[in-house]
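Please walk through this chain with me, from the overall fold down to single residues. Keep the structure open while you read.

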Amino acid sequence: MMEEPALRDSEATFQAVIDVAPDLLLVHRDGRVLCVNTTARAALGYGREETVASRRLLDLVHPEDHARLASHLEGLTSPRGRGPSREIRLLRSGGELLPAEIISAPVRFAGQAAIVSSARDITERKQAQVHHLQKDRLTALGALAAGVAHEMGNPLTYVLHNLDLVARSLGARADDCRSAGAVNGAELAAALDELAAALGAARQGTERAQRITRDLATFARGGDQHRSLLDVRAVLKPVLHLVSNEIQRRARLVEDFQAVPLISANEAQLGQVFVNLLVNATQAISEGRAGEHEITVSTETDASGRAVVEVRDTGAGIPEEALRRVFEPFFRARPGSARAGLGLSICHGTVTALGGEISVRSECGRGSVFRVAIPPSDGAIVSSRSSTPLSAARARARILLVDDEPQLGEILGQTLVEHEFYVLSEAREALVRILDGDQFDVILCKLIMPIMTGMDLHAELSRSAPGQADRIVFITGGACTDRARTFLARIPNVRMEKPPSPDELEGLIQGARKRLESPCG
């Protein structure tokens, strides 16, 4: 039997050896902890003066994982002499959970049989798994949103168009009846006015549904890297539509939009920055006291000529010691917050990639201000939002629509009555017609179609009729393949969301004519 001084020396040597290990080491016997290393003491939140030894091993493990630990330790009877590794949740001194991967083996300690368990902190691995899972879910949600936007876009356009036709017809009939002056005519005119009012209400609801589908389509394009000239105020509007319901439950929304320069950015990515900032602002405010709080979204141009967006809340605020770390991945800015993720980190990466800056000011109990400043564009990129005021003189144009859905052609044909308007349902037909000598001022082309896509048409025309390839305006419906995203990021052609409104369409046509040197013959 080992002499007591030698035993103490052996234990001291053992302690010195395990203290340099990077993983948590716990030596235990019969369910009681005999000793732990420095790493374990620090990770579990125990100071040097606190005794971990002699505690029950199960007191350091989440109750729901007790059976997993017992099963793991039973594996020590295997011929290999150690149990298979298991994931368990350790309990820190303050009650917080520490996810760990544990592996154990039999040892001799103080001259008797014992077990040493090595636990590796897998917090970062778990966070990464959660991040990838969230990313996969967001990708799936984006695809679903894009599909919904695509499928809903055209029917809503048909409904709006026909509501307009009926409303105009009813208005004209009501005017005719009033002009007749007859009693029955006046009564009929009043009835027609009531119907027109009902149609107006139906139109407002349909426009709201159309706006929602457009917003979904915009934020479903997360993988699209294409940049265009943007007014940040136009990007903020659909963002505020998307998060308005969440904001209303917590605060009053205040908008203060001053003039800003155009910037060069990807609309979906910049929109996600503003979504994250607004969600962060709402979560800083408790529900049930909306009348006492405000979330203010403002824009201005700073002294350097940059476009500035500020999101200000009157919420809980961020502790001073946390301010310098708010843009770190998975950092919890507020004590007790259950939300830790990549939102603000992604915001920082997106804004800095644009050559901009994102900063935060905050005071506990008085709210926070997140400030985004982005330099103005040099104007080299054609904006998909550019338009010519409808009050400007309109030039008659030759327009070709290439789309495999004939209803859109019917609607646009009634809208574009001032122009020469042609419709083809297949890109192959358009290619043959153009190569045979037919020329157009603007070619509205659906991006993805069966047989021959708009991308294929652009490629063929780039080789054989580059002047006509430059005149293609791609119409996208939200759903977008990897190939389509890569294609759109590579070409300078204007693109617009489907379905375009009459004002957008006319502005685009006149803008396209101005950008191109001269109308075709």
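How many of the 521 residues of the chain, in percent, count as buried? The figure is 43%, where buried means under 20% relative accessible area, exposed means over 50%, and partly exposed lies in between (1.4 Å probe, protein chains only). This is a predicted model, in which local features need pLDDT of at least 70 and side-chain atom pairs count only at pLDDT 80 or more, while totals for chains, interfaces and linings use all residues. Residues are numbered from 1 along each chain as its sequence is written, and side-chain values use heavy atoms, with hydrogens and water left out.

The chain has 15 helices and 17 strands. Both are DSSP runs numbered from the N terminus: helices are H or I with at least four residues, strands are E with at least two. Contact means heavy atoms within 4.5 Å. Take the contacts between residues at least 6 apart in sequence: 63% of them join residues at least 24 apart.

Start with the loop between strand 1 (24-29) and strand 2 (32-36), which holds aspartate 30. Its phi is near 55°, a positive value in a residue other than glycine. Most residues other than glycine have a negative phi. Aspartate 30 has a relative accessible area of 77% and is therefore exposed.

Now go to a helix pair. Helix 6 (residues 232-248) packs against helix 7 (residues 267-283) at an angle of about 40°, and their axes are 9 Å apart. Axes here are lines fitted to C-alpha atoms, for helices over the stretch in contact, and angles run from 0 to 180 degrees between N-to-C directions. Angles under 35 degrees count as roughly parallel, over 145 as roughly antiparallel, 65 to 115 as roughly perpendicular and the rest as oblique. Helix 6 and helix 7 are therefore oblique to each other. Their crossing is right-handed, meaning that the near helix is turned clockwise from the far one by less than a right angle. On the helix 6 side, the contact includes Val232, Leu236 and Val243. On the helix 7 side, it includes Leu270, Phe274 and Leu278. By class, this contact has twelve nonpolar, two polar and two charged residues. Nonpolar covers Ala, Val, Leu, Ile, Met, Phe, Trp, Tyr, Cys and Pro; charged covers Asp, Glu, Lys and Arg; the others, Gly among them, are polar.

Next comes strand 9 (residues 294-301), with threonine 296 in it. Threonine 296 counts as buried because its relative accessibility is 16%. Leaving out residues up to four places away in sequence, it touches Val254, Glu310, Val311 and Arg312.

Strand 11 (residues 357-363) has alternating side chains. Ile358, Val360 and Ser362 point to one face and are buried. Seven bridges join strand 11 to strand 12, and the two run antiparallel. Two strands pair if DSSP finds at least two bridges between them. Serine 359 has arginine 371 in strand 12 as its bridge partner. Strand 11 and strand 12 form a hairpin with three residues between them. Glycine 365 in the turn has a positive phi of about 85°.

Past strand 12 (367-374), the loop to strand 13 (398-402) contains serine 377. Serine 377 is 116 residues from proline 261 in sequence, yet 7.9 Å from it in space, C-alpha to C-alpha. Leaving out residues up to four places away, serine 377 touches Leu229, Leu262, Ile263 and Ser264.

Lysine 446 stands opposite isoleucine 475 in strand 16.

Finally, helix 11 (residues 427-435) packs with helix 12 (residues 454-464) at about 15°, axes 10 Å apart. These two helices are therefore roughly parallel to each other.
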